[in-house]
Amino acid sequence: MAEQQQFYILLGNLMSPDNDIRKQSEEAYDTIPGQTKITFLLQAIRDAACAEEVKTMAAVLLRRLLSSSFEEIYPGLTVDMQTAIKTELVTSIQTEASPNIRKKVADIAAELCRNLLGSFSSVWNFPGIFGNQQQHYMEVIKRMLVQCMQDQENPQIRTLAARAAASFVLSNEGNAALLKHFSDLLPGILQAVNESCYQGDDSVLKSLVEIADTAPKYLRPNLEATLQLSLKLCADTTLTNMQRQLALEVIVTLSETAAAMLRKHTAIVASIPQMLAMMVDLEEDEDWSMADELEDDDFDSNAVAGESALDRMACGLGGKMVLPMIKQHIMTMLQNPDWKYRHAGLMALSAIGEGCHQQMEAILNEIVSFLLLFCQDPHPRVRYAACNAIGQMATDFAPTFQKKFHDKVISALLQTMEDQTNPRVQAHAAAALINFTEDCPKSLLIPYLDSLVQHLHVIMVAKLQELIQKGTKLVLEQVVTSIASVADTAEEKFVPYYDLFMPSLKHIVENAVQKELRLLRGKTIECISLIGLAVGKDKFMPDASAVMQLLLKTQTDFNDLEDDDPQISYMISAWARMCKILGKEFQQYLPVVMGPLMKTASIKPEVALLDTQDMENMSEDDGWEFVNLGDQQSFGIKTAGLEEKATACQMLVCYAKELKEGFVEYTEQVVKLMVPLLKFYFHDDILLMGALTTSAESMPLLLECARVRGPDYLTQMWHFMCDALIKAIGTEPDSDVLSEIMHSFAKCIELMGEGCLNNEHFEELGGILKGKLEEHFKNQELRQAKRQDEDYDEGMEETLQDEDENDVYILTKVSDILHSVFSSYKEQVLPWFEQLLQLIVQLVCPSRPWADRQWGLCIFDDVVEHCSPSSFKYAELFLRAMALSLCDTSPEVRQAAAYGVGVMAQYGGENYRPFCTEALPTLLGVIQSPDSKVKENVNATENCISAVGKVMRFRPECANVNEILPHWLSWLPLNEDKEEAVHTFDFLCDLIESNNPIVLGPDNANLPKIFQIIAEGVANESVKSEDACSKRLANVIRQVQGSGGLWTQCVTMLNETQQKAIQDLLNTA
């Protein structure tokens, strides 16, 4: 007790105005052991007799202690002591009379929770805030939160309690029973949202957004009240823009995270007018149309927030619900005399295209006819919005939009591009033309080429003059890109116009050296390289040297460019295009190009863990993007330079692909750059995902380049890659990136061959693949459970099918990896494979979805093809499934089963002979069924034809060859499955070379038919000059060539295309 009293005196002295007393007290405080400090400080806080200023000081010191010395002190405390601290804090929050002290204690509890959540690296896998005592404290926690949210005298306590309740819900988002138990806290949270907003505090509203994002089903019992509150706040113009946008964010987030639940509530209809009303919130700006700089969107503005919300809601809820809700509103706005309403209506039309794709596609004629009228609107900002809508639709509805409306749209955009008095509109019309031509089929664009080129040239010349006279550049920047886009689509058809543009474009690059013209210069460099690629090496070569010198000069000055110089990414891409144009001749420029390219590709993204206050201080204008982690914490990543990094990584891949062994000098440094990218786990940013995908894609290409240095160098490089690739397959969360990594790994194994994986690799890989297969089955079960959910509807089914397609795609990559392992290691890998065997057997069960059965059979096909005759020990696990699958309703399953019969005949060995005999009649039945050649069945049928050929070729004892052969010949050639087509031509060559009387017919009567089969195969590229059988087929033709009348008879039966194909074969084989 005496020690505690001494401590109270010490706390009082720490606040003394006398510096000497305070300094001595600080020194004395520092000598007290940490555990003792905690005990004394807690006692001071709960001591009712203690002065408030002393209690306040104790609370501040305890929070500081937990903040600065948590790791040194807390883990060393006994479990009882740790539990006592938590209990003490919870009790104090409930019983403390002073609002100030209660807030301080809540801050201490928050600090303790933050530390218990662990470091940033483990933020995804933390224990409950109350550890294993949570269940014990459940009612205490609930009573405390309810009591505090009902504290009528202290609004601040009510706000803090609501935030604490939200945090507790978020930290238990996976515990459905707990969320249900705590559902009666939600009305209090909603009340606190409403009250705090009008006190200028949006922290509880932000917590509500987090609940909508992470635990949306918690809101279900009070969803109507949640929506009504959000709509009320959103509509209240007395609140700040940020508060109104946050209220809207609750609804929009729910449309993404709980779309099916939201679709059942009529209140959602009222959110559409709210978004549209926000989009009308525009300012008059007399100078807008003459602006020469494209300023970034003001993301804080209501107009941008409303547009973004509409886009997301359309994607979340789906067009079936959104389009009927919004269509009439938009039509009314477009007829409003106030330009702001017409502008908002057109921007809304742009925003909903992606989400309402299917429904809008059905009425595109009506929409486009109406939309094009606004290209003539009296107000320039409405014409701008019309161009925006055209450009967005050209992307969202490509290529249907281009095919249906090319004549009207090109004419309208060219006319709008002539609006000399409104450069901003002119530039946006050019931007819309870029969108249109990017996805326009070449054949549709060619008839307009003369008119397009003429307009673009006239505008370019005029704007070049304006640049010289006035320094304006915005329209010229867009027109240069329009020219590039037209050339890119037109390809060799652009050759006649090459000389019209190239001199002016080179002039811009030579002379646009001022800082304010960097973007123009970069876009012009892009344009020149795209035109060069379009017209081809022959046309471009006379200018190639001059262009290379211009690029080299820019490259030499590269070190002087600022990091955010837009020329960097354009230069990097232009070099890669020059590499494609020049081929091996480009190798001489690598020493100049690679330094800056590697520097850009090596940019390291700056990351940080931030709370809400930090985020507000680090605005998105500074190049930061944020990923919400819950509890008002976010992961921040600085995206400045990331686009250039992603582009640079893609260009390195391009060099490796184009130059192959010519790139070998740089493979080591590129590998050292690319491999660490696979380990960057936080990459919600789309640019980083691009860099990661590129990193994976580069691995087999770099190994290909390094081959020239010999096996030791190659093996060393592979060892550097291998561990990282395997670990990335196990940890990568994004399915698109994961599939690319798995594909790359499979390619690398095929390239490296047997011996590339050691025992540790096999052990880790086996565990990962087993995990992927188990996850596949678990995800299917979860989707089935969701189909029983009370919110299940058609929209949710679409989402579930998308998820299923993603899962199946990963399954295909598991199959790819197993294929590469089987083809490299053969039978010796079967003991390792057995850990996966039962999971693969599960895939081929008749009750599984067709995609599971298809890929399960493909895996067993590989086992038979590469691991026979040992594969037969597993035959009883898959033969029955394969036999049943030959008649499956799914053509993909039939195809996999038919391929399996073919490889059994070719590689399986004697043990599979009975099965081949048994399968043959079924194969013949599938081929001869009336619908066997319809589009969806043709691949499966061709695999059946090939399988029949393989049985006759490798297991003739299983078939009546003489009876089947005439039919088989009548089914040739195979046009869709190129791989199997080669097998059939190989067998056909065997038969012809052995003078098989059935194939050749009496007096070679079948030769004209054989010529037709060969000609069709060559014309359809079913057989290529590099295929071994092409030489054999050419020899057959040459033998007939010397026989006079027979040659004439065979050739006259062929049409012009077939005759050319025969001639091509003779010339190349």
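Me: What share of the contacts between residues at least 6 apart in sequence joins residues at least 24 apart in the protein chain?

Reply: Among those contacts, 72% join residues at least 24 apart. A contact here means heavy atoms within 4.5 Å. This is a predicted model, where local features need pLDDT of at least 70 and side-chain atom pairs count only at pLDDT 80 or more, while totals for chains, interfaces and linings use all residues. Residues are numbered from 1 along each chain as its sequence is written, and side-chain values use heavy atoms, with hydrogens and water left out.

Me: How do you know how confident the predictor is in the chain?

Reply: That is what pLDDT gives, residue by residue, from 0 to 100. The protein chain averages 88, and 92% of the residues score at least 70. Residues 118–128 stay under 50, with eleven contacts beyond four places in sequence in the model. Residues 681–687 also stay under 50, and there the model has 19 such contacts. Where pLDDT is low, the predicted coordinates should not be read in detail.

Me: How many helices and strands does the protein chain have, and what makes a run of residues count as one?

Reply: The protein chain has 53 helices and three strands. Helices are DSSP runs of H or I with at least four residues, strands are runs of E with at least two, and both are numbered from the N terminus.

Me: Why is Met242 called partly exposed?

Reply: Buried means under 20% relative accessible area, exposed means over 50%, and partly exposed lies in between (1.4 Å probe, protein chains only). Met242 has 40% relative accessibility, so it counts as partly exposed. You will find Met242 in helix H14, residues 241–257. Leaving aside neighbours within four places in sequence, Met242 is in contact with Asp202 and Asp300. The C-alpha atoms of Met242 and Asp300 are separated by 7.2 Å, with the two residues 58 apart along the chain.

Me: And what makes Asp202 buried?

Reply: Asp202 has a relative accessibility of 16%, so it falls into the buried class. Asp202 sits in the loop between helix H11 (186–197) and helix H12 (203–214). Not counting residues up to four places away in sequence, it touches Met242, Gln243 and Leu246.

Me: How do you know whether Asn995 and Asp1003 are buried or exposed?

Reply: Asn995 has a relative accessible area of 54%, so it is exposed. Asp1003 is exposed as well, with 78%. Asn995 lies in the loop between H48 and H49, and Asp1003 in the loop between H49 and H50. There is a backbone detail to look at too: Asn995 has a positive phi of about 55° although it is not a glycine, and Asp1003 likewise has a positive phi of about 55° without being a glycine.

Me: How do you know that the buried residues of H47 line one face of the helix?

Reply: In helix H47 (residues 961–970), the buried residues are Val961, Ile964, Leu965, Trp968 and Leu969. Seen down the helix axis, they fall within an arc of 135°, so they line one face. The arc is that of the directions from the helix axis to the C-beta atoms. Helices covering these residues include H45 (913–928), H46 (938–954) and H48 (978–993).

Me: Why are H42 and H44 called roughly parallel?

Reply: Two packed helices are described by the angle between their axes and the distance between the axes. The axes of H42 (residues 850–867) and H44 (residues 891–908) come within 9 Å and cross at roughly 10°. Angles under 35 degrees count as roughly parallel, over 145 as roughly antiparallel, 65 to 115 as roughly perpendicular and the rest as oblique. H42 is therefore roughly parallel to H44. The axes are lines fitted to C-alpha atoms, for helices over the stretch in contact, and angles run from 0 to 180 degrees between N-to-C directions.

Me: What makes H19 and H22 roughly parallel?

Reply: The axes of H19 (residues 339–352) and H22 (residues 380–396) come within 8 Å and cross at roughly 10°, which means that H19 is roughly parallel to H22. Residues making the contact include Trp339 and Leu346 of H19 and Ala385 and Met393 of H22.
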